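Me: I'm new to looking at protein models. Could you walk me through a couple of features?

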Amino acid sequence: LKVAWTHAPGDGTLPSRRSSARRDSAARVAAMTARGLAWDPPDETDDGALQRIELLSHDLLSHDWRQEDRRASARTASVLLAAAGVVFGAAAALAWVAARGQAPSARGGAVLRGPSASVLAELPASAGVLADFPASTGRANCNVTRRCAAPGTLCYEQDARYAQCRASCAPGPDPTHWDGRPWSCKALGVRTPGEDMCTMENEDCRQSGCCRQPGHTCFEKTPAWAACRASCTPGPSFADVDGTPWTCRKLGPTSPSTQPWVAGACTESNGASCLQTRCCKNAGDQCWKKTNYYGSCKPACNEPGWSCEKVGTRTPAQTGAEELRGMPAWGFATCSRFEEGCLDSRCCIGMDMQCYEKNKMWAQCLNSCVPGPHANDHNANWTCKALGPRSMGVPRKGFPSLYCFSVLRTVGYEVGLM
């Protein structure tokens with residue numbers, strides 16, 4: 001069991017000296033994937049080798065094996081175990097598992113099911129079925145490993161098909177997950193010691209490479225600083241205390257945010273009860289329970305007579321473009337004026353002004369830019385790529401700038417009053 005089940009090579013097949021056995025194993029995995037029986041690895045998973053191991057393990061531990069498959073696997077295992085001189089020990093282990101297998105399938109033919117979760121928990125450490133798997137990382141399926149690599153995380157079950165390493169889990173659908181199937185949040189294994197290493201907004205994230213806020217990414221400014229932001233445009237940022245430009249190189253994945261299925265499956269904030277869906281459609285809303293028969297989606301709960309118990313997971317707040325800010329002190333000495341070159345400064349001084357690229361040799365501060373030929377530039381082609389932040393004026397008394405207007409009629413008593 002230990003040799004044949006845990007040490008899967010990179011091509012996703014069982015180890016064997018017989019090419020036919022390798023082809024049979026690969027064909028079985030492919031067929032099960034086509035029938036939708038095996039775990040469907042998501043695109044976000046960042047460990048391809050671990051996907052193959054877990055897919056194969058799910059095949060071996062969770063699904064029916066017909067008698068002919070059992071005989072082929074027994075022949076392969078016998079060759080390996082005979083070479084190692086442990087035939088009798090392996091036969092005893094197989095008999096132990098078979099004694100706990102389920103009855104023959106009604107479809108005909110003797111069937112041997114893989115051991116259930118309770119059986120796996122009883123296996124001795126020497127069996128190696130769980131101990132030899134590497135701890136799960138990222139959003140990889142941890143229902144077989146039951147161990148998490150990231151500090152402060154625990155393997156939580158969504159259902160029998162999938163589990164994920166997380167810092168916390170709330171029963172019900174998760175708006176940040178790629179599908180709307182509810183989470184049981186059953187804990188598998190034990191929590192990895194330590195604290196969540198992911199970083200809060202505008203904190204240095206060079207070491208962690210991940211962000212806690214949904215929809216945020218760790219962007220590099222310089223080799224000495226990186227921060228979690230919803231977006232990043234290469235060049236200086238008016239939110240900074242200096243004009244050092246950002247490279248905006250991504251140092252890790254974007255943290256998951258609201259998924260497309262939420263719009264059609266979750267409850268709106270219109271007074272409808274959310275106790276059945278256990279999720280909310282609008283950004284920033286949480287399903288709050290009033291009684292056992294009614295709950296509503298809203299940002300907060302403080303009304304008298306409500307239990308204000310949280311139901312499900314809060315839908316992430318909307319993450320948009322970087323907040324518009326006024327001109328910082330360093331901008332007056334660094335940024336370019338209207339129609340001046342800005343290829344080096346990558347920022348402009350003026351109202352609603354942006355540095356636009358013509359080509360790799362020239363960029364200019366303009367209010368707007370349409371890619372293609374420009375008549376006022378001898379029909380030269382412009383890429384109109386935005387460089388740096390958009391300027392929204394140079395207010396001295398706050399931002400944005402406000403002006404007071406007086407409006408009066410030209411006839412009547414108001415003329416005399418003014």
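This is a predicted model: local features need pLDDT of at least 70, side-chain atom pairs count only at pLDDT 80 or more; totals for chains, interfaces and linings use all residues.

Me: How big is the largest pocket, by volume?

Reply: Here's the general idea: rolling a probe the size of a water molecule over the atoms shows where empty space is left. In this structure, the largest pocket comes out at about 1600 Å³. It's lined by 47 residues, and the closest to its centre are C165, C198, C211, S255 and P256.

Me: Which strand gives the most to that lining?

Reply: That's strand 4 (residues 163–166), with three residues.

Me: Now the disulfides. How many are there in the whole structure?

Reply: A disulfide is a covalent bond between the sulfur atoms of two cysteines. A search here turns up 15 disulfides. Take C142 and C155, whose sulfur atoms sit 2.1 Å apart. C142 is in the loop between helix 6 (117–122) and strand 3 (154–157), while C155 is in strand 3, so the bond ties together parts that are 13 residues apart in sequence.

Me: Is C142 buried or exposed?

Reply: Buried counts as under 20% relative accessible area. C142 has 0% relative accessibility, so C142 is buried. C155, at 1%, counts as buried too.

Me: What is the handedness of the link between C280 and C297?

Reply: That one is left-handed, with -90° about the S-S bond. The link of C142 and C155 is right-handed, with 95°.

Notes: Residues are numbered from 1 along each chain as its sequence is written. Side-chain values use heavy atoms; hydrogens and water are left out. On a 1 Å grid over the protein atoms alone, a cavity is a set of points where a 1.4 Å probe fits but cannot get out, and a pocket is an open set with protein on both sides within 12 Å along at least five of seven lines; lining residues have an atom within 4 Å of a point. Grid points are joined across faces, edges and corners, and a volume is the space filled by probe spheres set on the points. Helices (H or I, at least four residues) and strands (E, at least two) are DSSP runs, numbered from the N terminus. A disulfide is a pair of cysteine sulfur atoms within 2.5 Å. Buried means under 20% relative accessible area, exposed over 50%, partly exposed in between (1.4 Å probe, protein chains only).
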